[in-house]
Each structure stands twice: as C-alpha cells, then as structure tokens.
2 protein chains.
Amino acid sequence: MLIRKLNSFVSLSNVDRKMLDRISTETRSIAPRMELVREGDKPASVLLITEGIACRHKHRACGTRQIIAFLLPGDLCDLDAALVDRIDHTITTVTACRVADITHQTMADLLGSNPAVALALRMSTLVDRAITHEWLVNVSSRSAVKRIAHLICELFVRFKAVGLVTHQSYMLPLTQTDLAHTMGLSTVHTNRSLQELRRRGLITLKGKQLTVLDVSKLRAIAEFDPTYLYLKA
Amino acid sequence: MLIRKLNSFVSLSNVDRKMLDRISTETRSIAPRMELVREGDKPASVLLITEGIACRHKHRACGTRQIIAFLLPGDLCDLDAALVDRIDHTITTVTACRVADITHQTMADLLGSNPAVALALRMSTLVDRAITHEWLVNVSSRSAVKRIAHLICELFVRFKAVGLVTHQSYMLPLTQTDLAHTMGLSTVHTNRSLQELRRRGLITLKGKQLTVLDVSKLRAIAEFDPTYLYLKA
DNA sequence: CGATCTATTGAATTCGATCAAGGAGTGTGG
DNA sequence: CCACACTCCTTGATCGAATTCAATAGATCG
C-alpha cells in the first residue's frame, strides 16, 4: 500500500521498492479502539498502517474528542515526530489494524540513502497537510450535509488510490458517533444528514458498506475537487 | 525574527545566524490586501515574512474565503513548496508587509549545509501543523466566544515570541470580517462575541490594539494550553 | 438472554446566520 | 472646508440550522 501510494508521487526504482518492502514486512496486529499513541507521549517510532483504519484525534477539556485525520493503509503517522519530545495528539485504531513500527534510525537511514523515497515521503506529508487544510475549510464553513458529502468524497478517492474501492463502494467502518466527532456535529444531526444524503439518492450505507450512487452530484454538493490529494487516480 | 524564532527551537551557532541573516536581508515591501501567492500558481520561491501580517486562505465555490493560517514576522510560507507544481491556497497580506524571497536552491543549500538550521526549520513546520490541528479543534467544536478567545490567546503567545507584545497588548490588524473568515462565523456574530469578551472584562480592543486584561481567565475560557506552540516564551 | 453499543425519531431550545439599517471613521475631490 | 463615497463597526429583528433531551428500536456480543 505504501509503495503504491508513494509511487503515485514519484516513480520508484526496484531498489526503492525493496527498501520500502523491508521496513513494512514486520507488522503487529492491534485490536479495534486501541490507542496507538497517546497525547503527551514521547515519540517512540514512526508507525505505518498496513491494514485497517486509525484516526488522529485531540481531547477537549469537556471530555469529548475531535478527530483531525484518518489514517488508511499505506499512511504513515508522524514522519518527523522524532524532532519533538511530546506528541500533541492521540492515535486510536478504528478497526483492527496491522501496523509496522519503523525506528527513527531506520527512517533517517532511509531518507538519507534513498532520495526518491525521501522525496515521495515529503510529498506525502504535504498531501496530509493539504487534507487538513481542506478539513478546516470543510468544518468551518460548510453545512452538515456538505461536510459529510465532502468526507465521503475524500475517502472515496483515498481508498481508491490503495485499491479498496470496488463498484463505487467502500467499507466505512466508522460509527455515526465517530463521524460526528470528525465533522464537529452532534450524533443526532449526523444521523439526519446521512439520511438526507440517502433520501437524495446520492449514497447508500448498509452495514458499514458505503456506495456512492452519483459521484458527480455528490462532488457538486460537497464542492469537492480531488486535486489536493495529488493522486493520479 | 526568524532567527529569534528558530533559536527557541534549537541553539543556533554564529555561523547559523549569519546564514539566516544573509537570506533575510533582501526584502521587498508589499501593500496591504495584496496576493503574494495565488491558488493554482507554480511555487516560485519560499517567502519569509519579516514585517507585517499575512494570511493563508482558500476560496469557497460560493465566493467566500476561509482563512486557514496567519503568517507573522519570522514565519516562512511553504518550506517544501518546491515539491509540488501547484499551490493549493492563496496567501494575502493583511497589513503592509516586508518579505524576503528565498529561492528553492538557496533553501536547499541551507538545509543541506546547515543541520541545526534544517532541524529548526523542520520543527517550525511541525509547529505550523500543530497550530492547524488546534484550529481544526477550535473551529469544529468550540462556541463562538471560545473560538475567538482561543485565537486571541494563540496570537498573544506567537506575537510575544517575536517581541511584539508590550504590557499584555499587541496589534491585531484584522478587521472583524477577517476574524469572521478565520473563525467560520458571520461578521455580525463575530462582533457580538467580541463584545461579550469585552463585557466580561477579558480584553479591550481599541483601534487595532488588543489588550488582554485577564490572561488566565481568557485561557480558561478558550481551553488554551500553549504547549503546542513549542515556545519557551 | 440480558447487557451494551449503535441507529433512529420526536420535541423543545439555542446558537448563530441572515436581513436590514444606522453610525463612526477615513479619504478624496470639488 | 464640506459633500460624498467607502469601509468598518454596531444594533435590532427574524429565521433557520444544529443541539440537547428523551425515548425507542436494532445490533452485537459475551
């Protein structure tokens, strides 16, 4: 997944691929709803998600949490985390996950010895940043229905990029509560907005299977333009 | 300003300082409300703000804009911009500014030859990211009054770090419309929320001069904890 | 088969948006 | 120096989107 993703930024040589393969073979599995990294921790290693979905979130004083990113297969958490001595957010699995721990040393070696990979990794952090910017716009100025539509569009493209979309459909393993924590909405309103999207014939959502029935209409509503994701897909 | 900021992350040698001094001596001045970088542009150079305030923002389909960051003296725009071929946001001056243009080549040389500076610059992009995360939480889950209080607290600390705070007071050269675009609020509600902060005796705002009357109360309301800014100040 | 999440629905309330208009300050040109 | 245009700030009134509270119905699971 990581190779596939990075290769969409720059063309990787066989050596590059072999290097990336090596660092992502040794994985451990983690149960759903487990904290991988906790706010305040010292960064231990760079995490690579190879399977499953996790989220980055922050805690509010009042006890709620705000999700600020989703980590899909092929995504790295905190490439440069080694530079600080305190992580400022929590990372929690949503589904069961497999993750590879990449030591800071390994990462530093990789970046030093492998310019193409280094470039691709830097670009992927830029995409992460672009996603966060887009979320900021989304959450601060769009209506509930548009917000959710936007997230659905984004995840559609990101899942597609790692081959997890079939027939306009992907697994969205989030609860409505998770969605609410992502969109800055109440669960009740999240529920009603989802119903609105279904009622308009834009999506179906059965179990955790989300199907986009009308991509162009959904994108229009969400004001979604995928160029910020920098993927050829 | 840049040196002062970077020095708060790592101790810089005299050589480091001299290098940084050299890249920031040649500045040009820009009028208020001018676009420095436009969405869709090819990145030309890294910009360093030496005086004045600029903002990073995105345009909505409906014509409004959403401010996603403020750039204060000492802040760099887009350290890694050279990696992409299309900027995904606009940067506009708020006040008159002085900026230094740093070519990608100069920046690459600096990063290559000067490990301490490279480290400090990487850290400063991490702080930028932390700020964006904090904004995401702010805007998506806090009430209008808390949001504005949070921004005031953040700018207080950031201005203080570059020596622009005297007697609990700094210049906030934003119009209420700018503030509204930042907070995802209407101008009317922004106005009323500011009044609320004044009424509670937390701030005064005369002309563009903002004074924080009760830092600890303001921080409490905003749920503001400055550690994410990673400044000793 | 209870127990515990998760999803859904209804009603009441509130926060913030929108609409509309009036002042206050600034600059410009006659 | 005054009339005007313009931007920014302020206020009132109304409207609407989203929250909150509360209750029920499905799922899921040990």
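Which residues of helix α2 (residues 14-23) of chain A are buried? In this predicted model, where local features need pLDDT of at least 70, side-chain atom pairs count only at pLDDT 80 or more, and totals for chains, interfaces and linings use all residues, they are Asp16(A), Leu20(A) and Ile23(A). Residues are numbered from 1 along each chain as its sequence is written, chains are lettered from A and ligands numbered from 1 in the order in which they are written, and side-chain values use heavy atoms, with hydrogens and water left out.

Here, buried stands for under 20% relative accessible area and exposed for over 50%, with partly exposed in between (1.4 Å probe, protein chains only). Helices (H or I, at least four residues) and strands (E, at least two) are DSSP runs, numbered from the N terminus. The buried residues Asp16(A), Leu20(A) and Ile23(A) sit on the same side of α2(A) because they cover an arc of only 65° around the axis, the arc being that of the directions from the helix axis to the C-beta atoms. Asn14(A), Val15(A), Lys18(A) and Arg22(A) are exposed on the face of α2(A) turned away from its buried side. The cover over the buried residues of α2(A) includes α1 (2-7), β8 (97-102), α3 (104-113) and α4 (115-141) of chain A, where contact means heavy atoms within 4.5 Å.

Turning to the domains, chain A is assigned domain 1 (2-126) and domain 2 (144-229), with bounds from an automatic or database domain assignment. Their C-alpha centres lie 24 Å apart, and the contact takes 13 residues from domain 1 of chain A and 17 residues from domain 2 of chain A. About 1,300 Å² is buried between the two domains, with carbon and sulfur atoms giving 61%; buried area is the accessible area (1.4 Å probe) that two parts lose on being put together, summed over both. Arg4(A), Phe70(A) and Leu72(A) supply 39% of what domain 1 of chain A buries against domain 2 of chain A, more than any other three residues.

Three salt bridges are counted between domain 1 and domain 2 of chain A, a salt bridge being a side-chain nitrogen of Lys or Arg within 4 Å of a carboxyl oxygen of Asp or Glu. Strand β5 (residues 65-71) of chain A gives four residues, the largest share of the side of domain 1 that touches domain 2.

Over all chains, the salt bridges come to 38. One of the pairs is Asp178(A) with Arg65(A), whose closest N and O atoms are 2.9 Å apart. Arg200(A) and Glu196(A) form another, also with closest N and O atoms 2.9 Å apart; Arg200(A) is partly exposed at 38% relative accessible area, and Glu196(A) is partly exposed at 22%.

In chain B, Arg158(B) forms a salt bridge with Asp75(B), the closest N and O atoms being 2.9 Å apart. Arg158(B) lies in helix α5 (residues 144-161) and Asp75(B) in the loop between β5 (65-71) and β6 (76-77) of chain B, so this pair ties together parts that are 83 residues apart in sequence. Arg158(B) is buried at 9% relative accessibility, and Asp75(B) is buried at 8%. A network of salt bridges links Lys58(A), Arg60(A), Asp88(A), Glu134(B), Arg142(B), Lys146(B) and Glu223(B).
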